[in-house]
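Let's go through some of the labels attached to this model and ask what backs each one up. The structure comes first.

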Amino acid sequence: MIADDKDVLRDVWFGRIPTCFTLYQDEVTEREAEPFYLLLPRVSYLTLVTDKVKKHFLKVMKAEDVEEIWFEYEGTPLKWHYPIGLLFDLHASNTSLPWSITVHFKNFPERDLLHCPCNSVIEAHFMSSIKEADALKHKSQVINDMQKKDHKQLWMGLQNDKFDQFWAINRKLMEYPTEEGGFRYIPFRIYLTMSDRPFIQKLFRPISPDGHTHTLGDLLKEVYPVAIANEAKRYQVVIHGIEPLLETPLQWLSEHLSHPDNFLHISVIPAPSD
Amino acid sequence: MPVSLLWAVDVYGRVFSLSTGGQQWEHCCDAVLEFKRLTAVQQCCWGIACDHHIYLNVHASDVPIRYQEEAYENQRWNPVDNFSDRLLPSDRWQWSDITGLEHKPLDGFLLPSTNWEWEGDWYIDENFGGEPTEKGGWTYAIDFPATYTIDKKWNSCVRRRRWIRYRRYKATDTWAKIPSEGQSGPLPDPFNDISCGGWEISEEPRGRLSLWAVSLQGKVWFRGGIHHHTPEGMSWEEVSLPGEVVQISCGPGDLVWAVLWEGQLIVREGITRDCPQGSSWVVVDSPNPEVGTIHVAVGVSVVWAVTKDNKVWFRRGINSHNPCGSGWIGMVGEMVMISVGLNDQVWAISREDRAVYFRQGVTSTELSGKAWKAVSVPRDGDIRPNSSTSTSSLHSAGCFFSGEVRAQSVMSEDSDTEADPQRAVHEMLSDRETKRDGAAATSIPEEEVTPGDAEAKSPPPALVLSPSQSGGPGDPQWSTVDLEEAQTHLAVGPAAGRGDSSDTCSLSSVVTCMLGLEGLYGPDDHPLWAWVSGGGCAVDCHTQLNWFNSVTALTSSIQAMSLSVSPAQTAAWRKQIFEQLNERSKREIDNFKHYEQAIEQSVWVKKGTMQWWRDWKPHKWVDVRFALEQFSGPEGHKDGIVFLYYNFNEEKKYLHAFINEVTILVPVLNDSKHTFAIYTAERTKQRWPIKLAAATEMEMHDWLALLSVSCCDSRGIQGPPSKQAIWSITCKGDIFVSEPWPSLEACPYPTPCDQMFWRQVGGHLRLVECNSVGVVWGLGYDHTAWVYTGGYGGGFFQGLASSTDNIFTQTDVKSVYIYENQRWNPVTGYTSRGLPTDRYMWSDATGLHECTKASTKPPSPHWTWVTEWAVDYGVSGGTDREGWQYAADFPTSYHGYKTLKDFVRRRRWARKCKLTTTGPWQEVPPIPLSDVTILPCGDQSVVEQIPLWAISNKGDVLCRLGVTLLTPAGTSWLHVGTDQPFKSISIGGASQVWAIARDGSAFYRGSVSTQNPAGDCWYHIPSPARQKLKQVSVGRTSVYTVDENGTEMFPRYYSFARLSVYVFNVALSVQVWIIADKVQGSHSLSCGTVCHRLGVQPMEPKGQAWDYGIGGGWDHITVRGNNIEAPRVRMPSLTDALRPPSTLAARPLPAGNTENGNAVQC
């Protein structure tokens, strides 16, 4: 049972999605490919944690049939540069587990996905997110004051799933002057399944000019009021697979439910019809 | 920081106070009087009322001001009457003071004033130097004056006994009139200004203050004899002057400045400890020679002045050697008066809107601050049923005060021709009633300008309300109200200015309507202030004040309240998140545990460089590489190893320690390096830790936090300490807790206490006490009381290793002492030239180490100096007027006066340093404590009162009321009277309270119970073998004490082999723990070591042997939280003797059962 805010960080970090990887039916194989089962960390990235999957399927394939690996769920190519938990919440919440992902080695969907030739591309993406988040939170002061090795420690922490290693540094990114009551702006992104826009991102402060604490509800009212329109609940607002109450303070959410990239990734998805 | 008060008088003469923790001005209820001036200090507030008399308001405290009167009754023996009051003609009075020289009949003792009352009747003191006398309290001697003894001998010809009676100051929290009596009758003219300060000049007598006053004729008076026991002081003394004074200001230290009628300033010189009223004046010119000064305010090392054009000036270069400073700097802002408070913080009243302004950004390095910020909080009286009266009086009073400032400037310009300026002011002050009545139609010239002024000075409330307006867009209702009101006022302002009565009436109706709409804010809401005094207001540049934005202040206070009402932990949104995360784990993980993890766990290594103390020859710090390898242990527990790589004789070597074997990581006192030590059980035994130093404080803290988390992880320990935890404190003030294992008290094979694992908790304390339900109190070096909030971490533990919402800032202050030593020679007398064999002329207490003022550093880099070096007069043995103590030679016993045989002398210099940290502690203001004890109680309901007793740093015994599990800080102190100061207290089973007085005698408090928490009287218990006792600790059935030699003693006065003891502690279930002075290990000696007495049983309180635990600078331990029942292996030979104390209380078994114990166990 959770008793402390600190435990929330652990729960967020150690969130896992049971996943079943199957090879796309049209891929050419030498023998039948068995599905591969894996617990994926919600806060990591698909291409960072699927070495085993790749290895598993390569065993049954010829080298010349293999191009860059990519993943797809029910026809939607999965963007590796979104955290895994976000992809799941956005596309597959309210479905039965394990999450079944189809693995492709051909016909890379150039229009939908970024290439990911190696882990350093993920690292660059991850670090640029952290830097962007700190620009919003502290005018980049904290991240710029850090040493190169601290940046490396953040990345290594994520790569090796080392909670302590990551948070030893990340806590500095979560500090703020007490008299200000929060960050300058909250780094957040709101994702909509129904929209062409990839996500919504705006400047939004944790505290109103008159000293009120902004809540999740305030944010949505300002940025995407449809999500909380009063009629029979049409949308779910999901972060890390849970639906926080709208009165949850935004600053708290940013400190506790942000992904390691320091962004609060919020999915607005249609509520299940039943 | 405890709350303190800012005092102010509004233009109607009403007194208000604003708490540093509050958000509204509280009207001081003694409303009969209207006040002109106030001067506040922390313990009281002095004021001049409209009757020109001085009034004193002493703030009530849980410890009353009481004074012990004493008289001696003397008798002589004669063969006829035996002992009788028939004395010889050459003898002393039958009733006398202690010397016998003064006649002191009991009925001659009178209360000093009507502000005092007797606490009870006279009674006989039956304690003589720590020993109880026989009934009657007589002490005997051969003759007067001689040495008295409690035993009557064959040659005892005289006897005497001491009578005592207490009187108590009763006029607290009320304005008590101080008669204006000089040394020779009533003072000639009434008072016009007053200023209180000077408490830093000397700490003796306690609570000493200087009070300076100015009379209407411009004379200055000094009031002497004000201190804790005589809050009203003795009498006024006139101070000669170079001119006529209008206003005076006295700082906390030796700074006193006054303003002359002509506009120059005068500075008092020669103020010292022995001469607090100073000796002479020095004239300083006004900042602007054209425009005279009208007001001055001084602090410890600042002087602020206001000239007649309302310009504000700051005096440069003020320090204790140069009270006159060097030059003026013009500041921004137009003010009518300024007040300098504690920490040289500054308040002022602005000319334009008569608002109180606070100077922001005043720090010890930037004394002039940064900017003025208006204090805008509502007054408690702002909701008034009918505001028309106050509107009109506002008008008139506004005239009156703006008139005063103007009048002065006019008058001093004309001072050559205009004869009697005082008269004019006097008239103005005494006229106020009539002016109020006829404000609109007066004919005095000054007042013709005032309506306009009043208009300018009462700004439209739109200004006041603008915050809500700016916050308005989101909330349309509010903005409409604001607009309407602003318009109303624009219409009202000029009308009020004209003083047109019909308009005023219409205003009042509008106001009522507005009040109906909005409640709090009427148009006349903006208070107009006349005087402010920050002398009792303890804020500094870090203090968070909620004074500056009334509207947001209100909303935020509502938020703060709602937070405190429903603590953040129980907020619905938080609960929801916790629950949902748990559900998510169940849904997404629990059924799929057999799936492979995407990322394999690997070893994580953190490396760094450090210095390591190589403790073999040549002893030195050597550079080493340091690494922590963490991995998952066999049972899923995280574990690790620390490695330390060094070179020895060109050869690479390393030391290592398993994280799960580390018992403690302890920061070590070192004035230059950031040092810590790593112990394992084995190294504890050997007294041979690994000592390491990091390059920076940051780096040390990062390592300590990481290693500490790692150690806790490996032992599966997280979160706050349990209620049973054993707390201890090092000489550095660091706080450690250990979770007790039941096997610690196992009998006959207890776990050795060197295996205990200690982890650090943030904060800084000198002493900690706890009980078994989780109430923990600590005392700082500065005697501040702190209560444990239930959190963990703080200090250098940040992020994950620390709880979030119950960590607070904690400060501590202590003095560093050095000694100045001198030797006498026949030519030059005492000089700093000693003999070649002498100690250093500047040294520590032992004389072995040189300690100069310049080279002495604070104890560790965490401390910063907050004062300069000053002679310390409070040394035991007394000092002369310059602080010297004399002796025949170093090092012998010193005395405070010079004799012919004294060839050396020394004096002690003290300098205070301060530490700021964070930890799970909240201050319990306001009384500083020197000892505290909490009843170790069993499980109980959350509302049940927990007995807690304490001793104040002045030796008062206090009983805390309202301590429960929910409110561990309690609510208030109940003072328990004693005839002398106390130093140690302990409460044990069945609410037995035992205490040790400063003279070393032991007392037992009778009749303490739940119904009567403070008990009824003290019983003097004779000390064992005439030993002076130092400390007491009470268990369930036994009382343990330590005497001044450090020998531990038991009720029946068994004395151990002489083992020096600092502190020791007894829990209910007869656990005896002490801190021993010195313990020898195989590698070194450790001072201040935790020791556990083995084999202590109810029937065998002496126990059998000592077991030695962690050591090397431990100061304090408390085991009174540990009520865990120890597993006991029953051995046939011991069974009869053994009756576990816990079974005694919990389930008193019939004897038969106990005997069958073995059978049952088999």
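Q: Why is B:Thr139 called buried?
A: The relative accessible area of B:Thr139 is 5%, and buried means under 20% (exposed is over 50%, partly exposed in between, with a 1.4 Å probe and protein chains only). So B:Thr139 counts as buried.

Q: Before we go on, what sort of model is this, and which atoms count?
A: It's a predicted model, where local features need pLDDT of at least 70, side-chain atom pairs count only at pLDDT 80 or more, and totals for chains, interfaces and linings use all residues. Side-chain values use heavy atoms, without hydrogens or water, residues are numbered from 1 along each chain as its sequence is written, and chains are lettered from A and ligands numbered from 1 in the order in which they are written.

Q: What does B:Thr139 touch?
A: Not counting residues up to four places away in sequence, its contacts (heavy atoms within 4.5 Å) include B:Phe128, B:Tyr148, B:Ile150 and B:Val158. B:Thr139 itself sits in strand β14 (residues 139–141) of chain B; strands here are DSSP runs of E, at least two residues, and helices are runs of H or I, at least four, numbered from the N terminus.

Q: What makes B:Asn57 buried, and which backbone nitrogen lies 3.3 Å from a polar atom of its side chain?
A: B:Asn57 has a relative accessible area of 3%, so it is buried. The backbone nitrogen is that of B:Thr174. B:Asn57 is part of strand β6 (residues 54–58) of chain B, and its contacts, leaving aside neighbours within four places in sequence, include B:Trp7, B:Cys28, B:Cys44 and B:Trp175.

Q: How do you know that A:Val43 is buried, and where does it lie?
A: Its relative accessibility is 3%, so A:Val43 counts as buried. It lies in the loop between β2 (36–41) and α2 (51–58) of chain A. Beyond neighbours within four places in sequence, A:Val43 is in contact with residues including A:Trp13, A:Leu158 and A:His240.

Q: What makes β6 and β7 of chain A edge strands?
A: The open sheet of three strands has the order β6-β8-β7 in chain A, with mixed pairing; two strands pair if DSSP finds at least two bridges between them. β6 (188–192) and β7 (235–238) each have a single partner strand, so one side of each has no neighbour in the sheet. The twist averages 20° from one strand to the next.

Q: How do you know that β7(A) and β8 of chain A pair?
A: Four bridges join β7(A) to β8 (residues 264–270), and the two run antiparallel. A:Gln236 stands opposite A:Ile269 in β8(A).

Terms used
Axes fitted to C-alpha atoms, helices over the stretch in contact; angles between N-to-C directions. Polar contact = N/O pair within 3.5 Å; in protein donor to acceptor, adjacent residues only side chain to side chain.
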